[in-house]
Amino acid sequence: MGASSSSLLDESKISYIRGRTEAELKNFSPHYRRQSCVAFFCHLKDEVEQHRVGQAQLLKQKEPLQASEVLYKDSMLYFDDNRKWKERFVVVRADYSLELHDSQESYTKGTPARHKLLPTGGAVLTSEEKYTAVVDKAFPDINGSKEEPSVPVVAVPGPLPVYLRLPYRRDSFFCFQQEEKRARFVSILNDCIRHQNQDYLKSMAYEVQGFLKAIHFYRQEKGHYESWDMLTGHDCEVLANLVMEELLPSLQTELLPKLKGKKAERKRVWFATVEATYELVHEQLREGLESLKNECRDATKQQEALIRSDMDQIINSQTFLETKLQALASEPAMKYSSESVAPYLTSILEELMGPVSAGFQAVRLLLEDELTRVCKDFPQGGVTEELQTALQQAGRDRIEDCYQHVNVLKEQLQELRNRFKFSNSTRVVHCTQNQMQQLMENAVYTFELLLQAALKDKPDKQASVMEKAKLRVLKQFDYDSSTVRKKIFQDALVDITLPAIRRNLAPGCKTELQKFEQFIFADYTNFVQVENIYENILLNLLNNEVNKVVKEAASLKKNNLFADSTDLQCVSQSSLADSRTPPLSAPSSPPQVLAFKQAAQKISSPSGEAVSEDTHQTLETSVIPTVKITVSSPEAVEPTSPLNDAESQPDVPSPILEVTKTKPETIVCAEDSSSPQPETRSKVMEDDVTSVSSDQPPVPLADACETLTVEAEEESKDASTPQSEIKEERDHTVQPDPRLTANAEVLPVVCVEGTDVDASVSDEHGVENKMCEAAPSSDENSNSPAVDASALDSVPDGPGGGAVALTSELENHSGIESTDSPEETGDSVDAIRNLIMEVIEVEDIIRPCDENQP
């Protein structure tokens, strides 16, 4: 073990292995051909429909490094092929492969590496006892355990060994003299294992997706429905693992009885035999799989013209077949899910949420600590090379401690083996740790970008700029952390429970699926597969149950998850520079910018005295920007629910866009504004209320899946109207147009500091309005220093601190159908992003958070 040695493979055994490998590849090929065509069709469909891939996040992501770039390099002792310890210079590339060079000098000269190591599927151990236990478990000892204790595989020359255990391959051994060096190497080695395991599988390339589907259906054909723990590495490695899984039982039966000698010698010979077998299988599959992939590439290219010309017909054929399969699969799937899956989803989620949330919280604390340290160490001097180097190294040596919070899932999820036969907890752990690492890197990179943009305009205020950049990055990290964790929970719940549904329905449904092939047009049989649509039906049914559980968990403050809300990508793209217009604002939207600039310029105190835009008020608590969009009815005296309004008032006047001031505790849905509030909530602070109205085209406010089209009110009164002519200023709560559409989550209720734009609200409609009072400002507040116009001063109070969850309005009215076209929906999304950014920036100018005070 760990050295080259003869195995038990003779010519007959080698021929047998080659024959079994060829047979497995031949049986797998039809699945791959079918799934490659389906995946290629889905790829073209997404291209035509312009589907966005992935979830929007606020933090910026750095471009991936070139595979040749170096992540780590150091000298250490290595147990080489000659069974001797030699000093080697180890280099880790950006593709997470390890190169072993004879020395640093040979590496510098460009001499090729002596050995290249891919640690796919590996496990890192740092004690001889643990390593010996793992090896003994992998050795199928037919003589039992009545022999003497196992002797060490290798004699370690130093106090700090590192054992790299690899499946089906030769293990590697390293040794260090210093704990710090070993800890750093162990950390980077674990990174290599995780990324080698998962990076290929995460690819959205249609060839990768087709291969994974083919593996999935091929294993189902053999009766394996559970999540596979050997689904790691690239396509050839995955297929080799599959062949080895089939080969090993027969090799054990034939070869283990022939092993002679002591246990240590038998182990050495057996693992050498397994290694030789794997090399034969891998080499043969590499050639055969490459030939199969080239064949499928040529086939898909020939079918591209047909797919593009008949796209609609193929989609209609899919839809028709799905309707037929729904009758077969929906009822038994829903019955089994409601009885044997849904009752356990909440408890499984609880098991997941504790360690995962603890891990992400540890990363946030590490990020805050590292950014604080950088701010102290580099108070002046701009974005220098030293600062960039410090940012690149931020948290690398300590993030391994954060990963330990998630490692406990390997033990906690073992209880799922009996009920759901789930044994792939390592995949959940590795995916989670990769996301933690990615968020940390994104946050540091975003911090660097914000500094570079802001210091161009304020080179003499680096300390202030860095502090405010840190606050913004932490707020964006909180939002992205919530988004990522919910995706982790959803994927894990599906991965754990979906195999049980498949297994239970297989006896009754699998045999019936072939009958449905008659509903597919002959020309489209390559792109429409019954098994794929059947799987999608089961997946969609389970996703509905999983989403309910995750959404319910997000509504609980203890879980520190933000409720689903508007895509806040615009906040990420907003820099800390002086530009007041968000990057996603359309050039044709000056009314929004003008209205909020007027709001920023005219601020009224409760006594009616004008407050200069160069002053700002200090709040005891930070506030959250709130935007309310409602429609006033000339007949309505009291607010009514949107549903009632939809029935009784077919025509309503144009809406009034209001910017009101509330504390975070007063966030409520618009339809509940007339009901008494719980005593636990703070009173709404009464103040001057700004009603911003415009005669411009409608200002849509909706997120990607909801559309709320509103017509603006008539041109507002002259802004110069004296306040004495305004009878009273009110918070207008008006109801949505019944013609408008809204889905479950329209817009986060965002609290914005009230600004007085001397634009009075017309009383001709006779609408009774609620009064909003404001807390009187003190002399100290009125004399506060001027607020810089830079967006550095506007750290958004969106999802931050992990304390305030974004809520949605009109959540109970998701049943209303949307009539807007996709183009209008896209415009609505852009407009809401623009408006949210303007509200956030005006709020920060008018009344910055305490933490942002100069």
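Me: Among contacts in the protein between residues at least 6 apart in sequence, what share joins residues at least 24 apart?
Reply: That share is 82%, where contact means heavy atoms within 4.5 Å. A word on the source: this is a predicted model, in which local features need pLDDT of at least 70 and side-chain atom pairs count only at pLDDT 80 or more, while totals for chains, interfaces and linings use all residues. Residues are numbered from 1 along each chain as its sequence is written, and side-chain values use heavy atoms, with hydrogens and water left out.

Me: Why is Ser227 called buried?
Reply: Its relative accessible area is 11%, and buried means under 20% (exposed is over 50%, partly exposed in between, with a 1.4 Å probe and protein chains only). Ser227 therefore counts as buried. In the protein as a whole, 51% of the 854 residues count as buried.

Me: And what makes Gln514 exposed?
Reply: Gln514 has 62% relative accessibility, so it counts as exposed. Gln514 lies in the loop between α14 (462-509) and α15 (530-554). From Gln514 to Val530 is 16 residues in sequence and 7.6 Å in space, C-alpha to C-alpha.

Me: Where is Ser227 found?
Reply: Look in the loop between α5 (206-221) and α6 (235-255). Helices (H or I, at least four residues) and strands (E, at least two) are DSSP runs, numbered from the N terminus. The protein has 20 helices and 12 strands.

Me: What makes the pairing of the side chains of Ser227 and Asn424 a polar contact?
Reply: They are joined at 3.1 Å. A polar contact is a pair of N or O atoms within 3.5 Å; within protein, one must be able to donate a hydrogen and the other to accept it, and residues adjacent in sequence count only if both atoms are side-chain atoms. The side chain of Ser227 has another such contact, with the side chain of Asp495 at 3.3 Å. Leaving aside residues up to four places away in sequence, Ser227 also touches Phe422, Ser423 and Pro499, among others.

Me: Which residues have the most contacts inside the largest nonpolar core?
Reply: They are Leu325, Leu352, Leu367 and Phe447, in a core of 90 residues. Such a core is a set of buried Ala, Val, Leu, Ile, Met, Phe, Trp, Tyr and Cys residues joined through side-chain atoms within 4.5 Å. Elements giving two or more residues to this core include α1 (11-49), α8 (311-377) and α13 (425-454), and α8 gives the most, with 23 residues. Phe447 touches Leu371, Val374 and Met466, among others, not counting residues up to four places away in sequence. A second, separate core of 50 residues includes Trp85, Met230, Val238 and Tyr278.

Me: How do you know that strand β7 is mostly covered?
Reply: Five of the five residues of β7 (172-176) are buried. On one side these are Ser172, Phe174 and Phe176, and on the other Phe173 and Cys175. In a regular strand the side chains alternate between the two faces of the sheet.

Me: Which strand is joined to β7 by five bridges?
Reply: That is β6 (residues 160-165), which runs antiparallel to β7; two strands pair if DSSP finds at least two bridges between them. Leu160 has Phe176 in β7 as its bridge partner. β6 and β7 form a hairpin with six residues between them, and Tyr168 in the turn has a positive phi of about 65 degrees. Strand β1 (residues 70-79) also pairs with β7, in the antiparallel sense over two bridges. Here the partner of Tyr78 is Phe174.
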